[in-house]
Amino acid sequence: MHNPGNATPDRFPAAERFAEGAQFIAGRLTRGTSGRTHAVVDPASGEEVLRYELAGTADVDRAVAAAREAFPGWAGTTPGERSDALHRFAAVLADRAEDFARAESLQCGKPLKLSREFDVPGSIDNTSFFAGAARHLQGQSAGEYSGDHTSYVRREPIGVVGSIAPWNYPLQMAAWKILPAIAAGNTIVLKPAELTPLTSLLFAQAATDAGIPDGVINIVTGTGKEVGEHLVGHPDVAMTSFTGSTAVGKRVAEIATATVKRLHLELGGKAPFVVFDDADPEAAAHGAVAGALINTGQDCTAATRAYVQRPLYEAFVERTAALMESVRLGDPFAAGTDLGPLISHVQRDRVAGFVDRARAYARVVTGGEAPEGELAKGAYYRPTLIADAAQDSEVVQSEIFGPVLVVLPFDTDDEGIALANDTPYGLAASAWSRDVYRANRATREIKAGCVWVNDHIPIISEMPHGGHKASGYGKDMSAYSFEEYTQIKHVMFDNTAVAAKDWHRTVFGDR
């Protein structure tokens, strides 16, 4: 791996950890064998941080073989032993929290304060949660449901899990994929996005240093077309977990179907933010800005469509625009920065294209441009508010994945809820009202995997995360995620030692 020197030690003190490569197989870092390289680029400056050798299909095969070899031993450990290992893992993560925060901010461009206060603590908390949850993997009650037979249900790990994680939250997505899988007794091969492999590799190394056996966690860093598709289609991979766009999710499902493997999909979102006319207007405006701009809008649960009841509409547009204009863009490592760049210039230009096309049919109230000066070197884009777009327009229906909020008015409660449901997606939503009955109706009728009331974006380890409709199926985090990473088996005992003979006589008669 080549480090060109742009990643200064104060920004990336863990850089030397990657001297051996960007693949983690059977407990050690190694180089990819595809014959091609890829760069990790600082999106705030456009400078190359380091260049590494991409994995190829042979590396996937090695990683899957390592995971398959490690599976019997890891699956055979007791829940208490896995719990103890995860508690040690959480302690190692806490000791290295600053390394993780700096690596995450450097590769993603997110403000260091966000990495320090959200991404890293959240991942440590996930680890601590699953350390405890590992001891509560239960089957179901035993009982005599058929004559002289006793039945019970065993809950067992599935085998080797092949997971694919996106670039927007590399550390947290690695945690969400890896932790429930290994807590349940599976082993895993994770493919992070090639743009952002650093914290996934640090995560796997920390697990090994905490005593989790070699081969339980493996990382292969390569392209989706080559490495991702080979991992999904691998005959020794028993389950696939994918987080990413709905379009790619459909391709993953198509490949997984050929080997009839378990599939967990967390896909795109277009979260509605519904403001009823009795809401606290100041709280709603602040919530909209925070919910829309989290991680520079590169979040499947980000507030993207604000529906505001007409009496509050114009005031909401004005106040939200003013708050957006006060957001400070800057160096992710500077203390005063509120918003960093998008992940790349390609993504910045994609977002700008949505906004530029919207000028023909909607009002761009604020933003809608890349900054000039020093920030022009990075993939920055100003927070953008668009008003008066039609419900069927591109900016309302399509996932932009950038710092863009579209605001539309509505008149009746029925209309507001209908508009909120009027996209293919159903990952997250929020409702803003001081009336408990109104809010409760919204939580019941809005079709999404999570509906916040008078807030937008917080998540907790104890509660599930996952979508409805085109946002996918299955849950991350919480005890519900064990449903994804385990399979159940019916076990039935003959208590009399004569039931089999009786059954034979019933079916075949006396002979």
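Modeller: In this predicted model, helix 9 gives four residues to the lining of the second largest pocket, which is the largest share of that lining; helices (H or I, at least four residues) and strands (E, at least two) are DSSP runs numbered from the N terminus. The second largest pocket holds about 380 Å³ of space, and 17 residues line this pocket, with Val289, Ala290, Leu293, Ile294 and Asp338 closest to its centre. Two elements, helix 4 (112-133) and helix 9 (281-293), each give two or more residues to the lining of the second largest pocket. Sorted by class, the lining of the second largest pocket has 10 nonpolar, four polar and three charged residues, where Ala, Val, Leu, Ile, Met, Phe, Trp, Tyr, Cys and Pro count as nonpolar, Asp, Glu, Lys and Arg as charged, and the others, Gly among them, as polar.

On a 1 Å grid over the protein atoms alone, a pocket is an open set of points with protein on both sides within 12 Å along at least five of seven lines, a cavity is a set where a 1.4 Å probe fits but cannot get out, and lining residues have an atom within 4 Å of a point. Points are joined across faces, edges and corners, and a volume is the space filled by probe spheres set on them. Residues are numbered from 1 along each chain as its sequence is written. Local features need pLDDT of at least 70 and side-chain atom pairs count only at pLDDT 80 or more, while totals for chains, interfaces and linings use all residues, and side-chain values use heavy atoms, with hydrogens and water left out.

For the largest pocket, the space comes to about 730 Å³. Its lining is made up of 30 residues, and those closest to its centre are Trp167, Phe242, Gly244, Ser245 and Val248. Helix 7 (224-233), strand 10 (239-243), helix 8 (246-258) and helix 11 (345-358) are the elements that give two or more residues to the lining of the largest pocket, and helix 8 supplies the largest share, six residues. By class, 15 nonpolar, nine polar and six charged residues line the largest pocket.

As for the cavities, the search of the whole structure finds four of 30 Å³ or more. The largest cavity holds about 160 Å³ of space and is lined by 15 residues, among which Tyr169, Met173, Trp176, Asp299 and Thr301 lie nearest its centre. Helix 5 (residues 170-183) gives three residues to the lining of the largest cavity, the largest share, and the classes there are eight nonpolar, five polar and two charged residues. The second largest cavity has a volume of about 70 Å³; of the 13 residues in its lining, Gly297, Thr304, Ile400, Phe401 and Gly402 lie nearest its centre, and the lining of this second largest cavity divides into six nonpolar, four polar and three charged residues.

Turning to the rings, there are nine aromatic pairs in the structure, a pair being two rings of Phe, Tyr or Trp (its six-membered ring) with centres within 6.5 Å, and with planes under 30 degrees apart counted as stacked, over 60 as edge-to-face and the rest as tilted. The pair of Phe129 and Phe130 counts as edge-to-face, because the ring centres are 5.0 Å apart and the planes lie at 80°. Phe129 and Phe130 are both buried, where buried means under 20% relative accessible area, exposed over 50% and partly exposed in between (1.4 Å probe, protein chains only). Another pair, Phe273 with Phe316, is tilted, at 6.5 Å centre to centre and 40° between the planes. That pair joins distant parts of the chain, 43 residues apart, since Phe273 belongs to strand 12 (residues 271-275) and Phe316 to helix 10 (residues 310-325). Phe273 has a relative accessible area of 0% and is therefore buried, and Phe316, at 5%, counts as buried too. Phe129 and Phe130 also form one aromatic cluster with Phe482.

One further buried residue carries a record: Glu266, at 3% relative accessibility, counts as buried, and the UniProt annotation "active site", from an unreviewed entry, covers Glu266; such annotations are given in the numbering used here with shortened feature names, and may be inferred rather than shown by experiment. Glu266 is found in strand 11 (residues 262-266).
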